[in-house]
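Here are a few friendly notes to read with the structure open beside you. Take them one at a time and find each place as you go.

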Amino acid sequence: MLTQNLGYPRIGSHRELKKICENYWAGKTGYKNVLQVGRNIRHENWKLQKEAGIDMIPSNDFSFYDQVLDHSLAFGAIPKRYNEVILRQGNAELDLYFAMARGYQKDGLDIVAMEMTKWFDTNYHYIVPEFYKDQPFKLFSTKIIDEFYEAKQLGIITKPVLIGPVSYLLLGKEKEAGFEKIDLIKNLLPVYLDILSRLDALDVEYVQFDEPFLALDLTEKEQKAYEYAYKEIRKAFPRIKLVLATYFEGLGHNLNLASSLPVHVLHVDLVRAEDQLTAVLAKINDKTILSLGLVDGRNIWKNDFEKSIETINQAVEKLGQERVWIAPSCSLIHVPVDLDNETDEKNLTAEVKQWLAYAKQKIAEVVSLKKLITNESPASTLQKLEDNKKAISNRKTSKLIHNPEVKARIANLKSEDANRQSSFSSRKIKQQALNLPKYATTTIGSFPQTTEVRSWRAKFKNGTFTEDEYNTLIADETAKAVKWQEEIDLDVLVHGEFERNDMVEYFGEQLDGFAFSKNGWVQSYGSRCVKPPIIFGDVSRPKPMTVKWTSYAQSLTSKYMKGMLTGPVTILQWSFVRNDQPRSETCTQIALAIRDEVCDLESAGIKIIQIDEPAIREGLPLRKANWQSYLDWAVKAFRISASGVKDETQIHTHMCYSEFNDIIQHIADMDADVITIETSRSQMELLDAFADFKYPNEIGPGVYDIHSPRVPKREEMIYLLKKAKAVIPSEQLWVNPDCGLKTRGWDETKKALIEMVEAAKEMRKTE
Ligand code: GLN
Ligand code: ZN
């Protein structure tokens, strides 16, 4: 029995990678330092895993920006527009790489970056490969081979990790018509063979191929591509042992395919798809080794050893110890690095901390599980089992987790709690009392979070400012924003969210059942890391969270001040969620807390309340068959949060850019009085889904892109609004930017919104 790891976090235990890259981009340090920090992180990770006792340590899991981009560079899939960068820089690989990731604006060149999108259902974003007809592939970067050699020099024989050929193609995007990306498999395979032959020359023993698409729905052509690719690889390199890694879902319909591929080891995710084990054991080839993904690579909870041992024994009974490996469920890049760095009791109490495991601790868990089965070093290992049992049972019964009041409230929920008092058509008549014009103007919530505003918060947190001092500064900033919105004649105002660090953290900090780490950083994309809150217990709201600032802002104006909340699905989606009850249950608890806040805002005289749900679409399960049940509870949670108010109170929601076609019915079922969405980059095309559906409620299609500092022209916005009006009746239309303005500067924000208000006024004249 062996242990393996599929990938270790590469940001460094103190986010060293972020710091050095950002310094390099700012011109503050040279490339040699960047390469050195990369080397240090790799060496530290390899050493740590070796000392922990992991048998199969990954290499090529390191990346300066993104592993998919690494592969595009390795395979020479470099879009032509970067040719200039290559020429000018004399083939400096790192600069070309960063240019592909981030765009290139220098020496009169202005080359856009490659597109970025979410890695399956995680919050990690990868750089999407661009494919053209007859796309050539040719070994360009030798990173995969170099890093194997680098580790070998240190005396560590690693298992290089590659994205498998089929998944690599499926992750990409066709940039011209006339071909399907999967047809490129024949062009692509020779580069894989080239890489394998170079690794072969260095006596590689195991190579891991990640094929997460094997856990998704596949077309027949894609299945054929799998058969073809792996047969060819096996034929060319019978000696190299392939580890085929699948994760994030069960193999399902693809089990036959996966177990027929000629590989040495098949890895399956038994955290996401616990119940696939029996089927896999029944189907697996006589010789194939099964790698059990038991330690959760997507969440921060300690493994339940007793439960895992049962699972391992089930596999061992069928396959024998030699044909069973122990592993995390997927790469550990989705969890923070080291729990030992959480030393602040204020953030994480000892009681909560004992329930957690970050990457380093998960590695140790994998090794302990193996030792418990193989009876190595019994005394210390048995102690680990006892400690684990204690922590697990403490978590099951802890008073911190279980709140009988919350549980009773959930049990007593009635179906009408998820319904507004009347249908939208009756509400619309009552809401006419708000007296808003056609093409009413508003913004999505946040105004610029300037360096200054952020420095106040930092000073308040480190004690330089008292609470009063901090509050005064925030109040002044809010007052300025309110006054300015009145001046430019916006119809529905916002307070600006200056008091919020982040749209989830701000609420989590005020809710019971949440904990916050100090060092729980996880890579989101490139150098950007996020620190998701930890939902460990029943969620409840001890007191109002936003009423003070919203009422204050309302008191400054006779116009409507829109209350601003984050919705239950988004709070759930952007946190580490407890795994001892269904996500739907946790989501409903959050929904009730938000509902109470909505009601309190209404009682405080707020007539318009927005509940943001930008994450509702990204929560969709990977397989379509599971969509319905997710959408049922997610939509219901939103409705519970929004339905405690009178018909006269107008509920808004906001969603960021996403395809709406396939879930438009569910968006309509959310029954928000007004939805604002991001549409400007698609030239209002996203509105078609709403138009075709005859979406009945009101809708604010974003009229300008907030991702760039560019100030839009009034005519452009009028053009977009006319396009909108052509498909959606004008009584339903609102006018707003695509999203919140917190990442923008004041200068461009002011100019853009002045033009936006004027554009709305022009539209009213045409009615
Ligand atoms: N109210 C939030 C803001 O304006 C919404 C952000 C979002 O949906 N991403 O910042
Ligand atoms: Zn948004």
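1. A term to start with: two strands count as paired if DSSP finds at least two bridges between them. With that in hand, look at Val 207, which stands opposite Leu 242 in β11. Keep in mind throughout that this is a predicted model.

2. Together, β10, helix α9 (residues 220-236) and β11 form a β-α-β unit, and the unit is right-handed.

3. Why is strand β10 described as largely enclosed by the rest of the structure? Four of the five residues in β10 (residues 206-210) are buried, so the rest of the structure largely encloses this strand. Here, buried means that 20 or more other C-beta atoms lie within 10 Å of a residue's own.

4. Next, find the open sheet of six strands, whose order is β16-β21-β23-β24-β25-β26 with parallel pairing. At its edges are β16 (492-493) and β26 (698-701); each has a single partner strand, so one side of each has no neighbour in the sheet. The partner of β16 is strand β21 (residues 560-566), and two bridges link them in the parallel sense. Look there for Leu 493, opposite Met 561 in β21.

5. The largest nonpolar core contains 211 residues, and Tyr 97, Leu 244 and Val 735 are among those with the most contacts inside it. Helix α23 (residues 583-603) supplies the largest share of this core, eight residues. Leaving aside residues up to four places away in sequence, Val 735 touches several others, including Tyr 439, Gly 700, Leu 721 and Met 756.

6. Which residues come nearest to ligand 1? They are Ile 444, Gly 445, Ser 446, Pro 614 and Gly 740, out of 13 residues around the ligand. By class, this shell has six nonpolar, four polar and three charged residues.

7. Finally, visit two loops. Asn 375 sits between α14 (359-374) and α15 (378-397), and its phi is near 60 degrees, a positive value in a residue other than glycine. Lys 694 lies between α26 (687-693) and β26, and phi of Lys 694 is also near 60 degrees. Asn 375 is exposed, with 9 other C-beta atoms within 10 Å, and Lys 694 is exposed with 9 as well.

Conventions
Residues numbered from 1 in each chain as written. Chains lettered and ligands numbered in written order. Predicted model: local features only at pLDDT ≥ 70, side-chain atom pairs only at ≥ 80, totals over all residues. Buried ≥ 20, exposed ≤ 12 C-beta atoms within 10 Å, placed from the backbone. Right-handed = clockwise from strand over helix to strand, strands pointing away. Near = placed C-beta within 6 Å. Nonpolar A, V, L, I, M, F, W, Y, C, P; charged D, E, K, R; others polar. Core = buried A, V, L, I, M, F, W, Y, C linked by C-beta atoms within 7 Å. Contact = placed C-beta atoms within 7 Å.
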